[in-house]
Amino acid sequence: MSNAAKEWYVLHTYSGYENKVKSNIELRISSMGMEENIFRVIVPEEEEVEVKDGKEKVTINKTFPGYVLVEMIMSDQAWYVVRNTPGVTGFVGSHGAGSKPSPLLPEEVDTLLGRLGVPTHAPVDLHAKVGDYVIITEGAFDGMSGKVTEIDDEKQKVKVTIEMFGRETIAELEFYQVKEDDSY
């Protein structure tokens, strides 16, 4: 594997075939054993409410017609499986001739998925309870340990009290940014 990180890529598809491409990729993930390399496939859509003759009508429109987002670890096998899925015409950011595409930048992913109401990370099961200690694994407090003071399972957020410069500081973090600290 050339890159062991999960990243988001943009696929170009035939317009109108976005949902078909999504289901084709999902079928290929299981049939070709790619669960460890290809994770989420999203067709960016938004609901639009129209009022016609005094009645509300909700329609779902493609935010980016002809494009599908895929979260994957870019390996030769994963690239081949996705690239050769019926309806996929190529990766955005690939220069052709078999070259691997460029992933979306983290800030692009956060903006795009946030706008669509999709979590930027897959849901995480956090087994810590209020009063337990966790180790922060990502962000400004990376490597620090703190005590859980509040947990919001629905929003996948946790509040942790950290001691910094002799004072307690509360950090609000995503579940994926912490792991249970078994040393306490």
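These legends describe close-up views of a predicted model.

**View 1. Four strands build an open sheet.** The strand order is β2-β5-β1-β6. Pairing is antiparallel. Strands β2 (38-42) and β6 (88-91) form the edges, and each pairs on one side only. From one strand to the next, the twist averages 30°.

**View 2. Strands β1 and β5 run antiparallel inside the sheet order β2-β5-β1-β6.** Strand β1 covers residues 6-13, and strand β5 covers residues 67-73. Seven bridges join the two. Within this pair, Trp8 stands opposite Glu71 of β5. Strands of a sheet pair through backbone hydrogen bonds, in either a parallel or an antiparallel arrangement.

**View 3. Helix α2 packs on the sheet.** The helix spans residues 76-83. Its contacts reach β1, β2, β5 and β6. The direction of α2 makes about 145° with that of β6.

**View 4. Lys157 and Glu174 form a salt bridge between two strands.** The N to O distance is 2.9 Å. Lys157 belongs to strand β9 (residues 157-164), while Glu174 belongs to strand β10 (residues 167-174). The pair therefore ties together parts that are 17 residues apart in sequence. How accessible are the two partners, Lys157 and Glu174? Lys157 has 26% relative accessibility and counts as partly exposed. Glu174, at 25%, is partly exposed too.

**View 5. Lys159 meets Glu150 in a salt bridge.** Their side chains come to 4.0 Å, N to O. The cut-off for a salt bridge is within 4 Å, so this pair is counted. Lys159 is partly exposed, with a relative accessible area of 28%. Glu150 is also partly exposed, and its value is 43%.

**View 6. Asp132 and Lys129 form a salt bridge.** The closest N and O atoms lie 3.8 Å apart.

**View 7. Salt bridges across the model.** How many salt bridges does the model hold? The count comes to seven. Among them are Lys157 with Glu174, Lys159 with Glu150, and Asp132 with Lys129.

Definitions and conventions
Residues numbered from 1 in each chain as written. Predicted model: local features only at pLDDT ≥ 70, side-chain atom pairs only at ≥ 80, totals over all residues. Heavy atoms only, no water. Buried < 20%, exposed > 50% of the residue type's maximum accessible area, 1.4 Å probe, protein only. Pairing = 2+ DSSP bridges. Axes fitted to C-alpha atoms, helices over the stretch in contact; angles between N-to-C directions. Contact = heavy atoms within 4.5 Å.
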